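Hi,

Here is the structure we talked about.

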Amino acid sequence: MADNPSSEPDPGAPEHPHELFMRLLSGAHFGVVAYLTSLLGNRHDAEDVYQQACVTMWRRFDTFTPGTNFNAWARKVAFYESREFRRLRARNRLQFNDHLVENLAAEREREPDAADSRFAALSHCLAGLDAS
């Protein structure tokens, strides 16, 4: 009897790398954007850098070891993308210096989820202000 192709995935089949990447990235989105916001001091810049970091993560996903901490890997990629972003925007006098950003990154690595609830509350408040 020939196999009947089904639109439903086989639950015993290994997850396709593209699906794994999207699932891990979706789960890491909020934390990585919060991390970038703490490094860049601006949510809009953080979102821009996040988009570039996603492209880099996609291109370099073969360097990620499944079963390890994807969020830590994603934050490391985002850290380097934020450095590149700051380098390209060096003419703006309101940029954080490298030493401060490295200290902020180290602080966030010690407690990666601590600022997430504060970031969510701040985003909610800002959305309320935008609506006013």
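Helix 1 and helix 2 cross in a right-handed sense. This is a predicted model. The two axes come within 9 Å and cross at roughly 145 degrees. Helix 1 covers residues 17-40, and helix 2 covers residues 43-60.

On the helix 1 side, the contact uses His18, Phe21, Leu25, His29, Val32, Val33, Leu36, Thr37 and Leu40. Helix 2 brings Arg43, Asp45, Ala46, Glu47, Val49, Tyr50, Cys54, Met57 and Trp58. By class, that contact divides into 12 nonpolar, 3 polar and 3 charged residues.

Two local points on helix 1. It bends by about 50 degrees at His29. His29 is also one of the residues that helix 1 puts into the contact with helix 2. After helix 1 comes Gly41, with a positive phi near 75 degrees.

Next, helix 1 against helix 3 (residues 70-88). Their axes come within 9 Å and cross at roughly 45 degrees. Helix 1 is therefore oblique to helix 3. This crossing is right-handed.

Helix 1 contributes Phe21, Leu24, Leu25, Ala28, Val32, Tyr35, Leu36, Leu39 and Leu40. They meet Phe70, Asn71, Ala74, Arg75, Ala78, Phe79, Ser82, Phe85 and Arg86 of helix 3. The class count here is 14 nonpolar, 2 polar and 2 charged residues.

Last pair: helix 3 and helix 4 (residues 98-110). Their axes come within 12 Å and cross at roughly 165 degrees. That is over 145 degrees, so helix 3 is roughly antiparallel to helix 4. The crossing is right-handed.

From helix 3, Arg75, Phe79, Arg83 and Arg86 take part. From helix 4, the partners are Asp98, Val101, Glu102, Ala105 and Glu109. What is the make-up of this contact by class? It has 3 nonpolar, no polar and 6 charged residues.

Best wishes

Key
Residues numbered from 1 in each chain as written. Predicted model: local features only at pLDDT ≥ 70, side-chain atom pairs only at ≥ 80, totals over all residues. Heavy atoms only, no water. Axes fitted to C-alpha atoms, helices over the stretch in contact; angles between N-to-C directions. Helix = DSSP H or I, 4+ residues; strand = E, 2+ residues; numbered from the N terminus. Parallel < 35°, antiparallel > 145°, perpendicular 65-115°, else oblique. Left-handed = near helix turned anticlockwise from the far one by under 90°. Contact = heavy atoms within 4.5 Å. Nonpolar A, V, L, I, M, F, W, Y, C, P; charged D, E, K, R; others polar. Bend = angle between axes of the 7 residues up to and from the residue.
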